[in-house]
Amino acid sequence: MPVPRRALLAALVAASATTALGGCGFALRQPAALPFTRLAVSGFAPAAPMADALRQALPRSVQWVDDPRQAERVLVVLEDRLTRTVAASTAGGQVREFRLRVTLRFRLDRPDGTPLLPETQLELTRDMSYSETAALAKQTEEAVLLRDMRLDMAHQLLEMLAASGRAPAA
């Protein structure tokens, strides 16, 4: 039975698209290859959203431990802060835009307290429009935006931790 021309054309287009994407270096984001398998984290408030984002971003090969003596690396969180300020308002004083800022200040130590990374600060800022008529929807949008910001920050943090274990370039 002969192959219809449309099916042949579709297969040819799909094959060329796959080859083009592979040739350009496209690849899905992979978790950071961390030079350790056990991480202790101290300094987060109980049930901190940033701690949850970090746990979610942590590769499966790395175990989160509670006791720093059992860890290979200790992440010491010095500050985990969310700031929400008015970025724009109308002449009548109604808020039109908020600025969300997530700040994380930390350092990375060995279990004996020897520093591997000095005190470092990561900060992400996003502006979000606001409307009082859609306050509930905007509240949900803000929660989603904050979750995404924290996950992005957790991935940046893991990239920094991965780089801390690499040998310096000669």
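## Terms and basis of the model

A residue is called buried when its relative accessible area is under 20%, exposed when that area is over 50%, and partly exposed in between (1.4 Å probe, protein chains only). By that definition L108, at 0% relative accessibility, counts as buried.

The model is predicted: local features need pLDDT of at least 70, side-chain atom pairs count only at pLDDT 80 or more, and totals for chains, interfaces and linings use all residues. Residues are numbered from 1 along each chain as its sequence is written, and side-chain values use heavy atoms, with hydrogens and water left out.

## Overall layout

The chain has three helices and five strands. Helices (H or I, at least four residues) and strands (E, at least two) are DSSP runs, numbered from the N terminus. Read from the N terminus, the order of elements is α-β-α-β-β-β-β-α.

Of the 170 residues in the chain, 31% are buried. Contact here means heavy atoms within 4.5 Å. Among the contacts with a separation of 6 or more, 67% are between residues 24 or more positions apart.

## The sheet

The five strands make an open sheet with mixed pairing, in the order β2-β1-β3-β4-β5. Strands β2 (63-65) and β5 (115-129) are at the edges with a single partner strand each, so one side of each has no neighbour in the sheet. From one strand to the next the twist averages 30°. Two strands are taken as paired if DSSP finds at least two bridges between them.

Strands β3 (residues 73-89) and β4 (residues 95-109) run antiparallel and are joined by 14 bridges. In this pair, S89 is opposite V95 of β4. Strands β4 and β5 also run antiparallel, with 12 bridges between them; R126 in β5 is the bridge partner of L100. The hairpin of β4 and β5 has five residues between the strands, and G113 in this hairpin has a positive phi near 95°.

## Helices on the sheet

Angles are given between N-to-C directions and run from 0 to 180 degrees; axes are lines fitted to C-alpha atoms, for helices over the stretch in contact. The axes of α2 and α3 come within 8 Å and cross at roughly 60°. Angles under 35 degrees count as roughly parallel, over 145 as roughly antiparallel, 65 to 115 as roughly perpendicular, and the rest as oblique. The two helices α2 and α3 are therefore oblique to each other.

The crossing of α2 and α3 is right-handed, a term used if the near helix is turned clockwise from the far one by less than a right angle, with left-handed used if it is turned anticlockwise. On the α2 side the contact is made by P49, M50, A53, L54, Q56 and A57, and on the α3 side by R150, L151, M153, A154, H155, L157 and L158.

## Nonpolar cores

A nonpolar core is a set of buried Ala, Val, Leu, Ile, Met, Phe, Trp, Tyr and Cys residues joined through side-chain atoms within 4.5 Å. The largest has 35 residues, and F44, L54, L75 and L161 have the most contacts inside it. Each of β1, α2, β3, β4, β5 and α3 supplies at least two residues of this core, and α3 gives the most, with 10 residues. A second, separate core has five residues, among them A40, A71, V74 and V76.

Setting aside neighbours within four places in sequence, L54 is in contact with V41, F44, W64, L75, A154, L157 and L158.

## Individual residues

A51 is in helix α2 and, at 9% relative accessibility, is buried. Not counting residues up to four places away in sequence, A51 touches F44 and W64. The C-alpha atoms of A51 and L151 are 9.9 Å apart, although the two residues are 100 residues apart along the chain.

L108 is in strand β4. Neighbours within four places in sequence aside, its contacts are R73, V74, L75, T114, P115, L116, L117, L161 and S164.

Most residues other than glycine have a negative phi. A47 has a positive phi near 60°. A47 lies in the loop between β1 and α2 and is exposed, with a relative accessible area of 72%.
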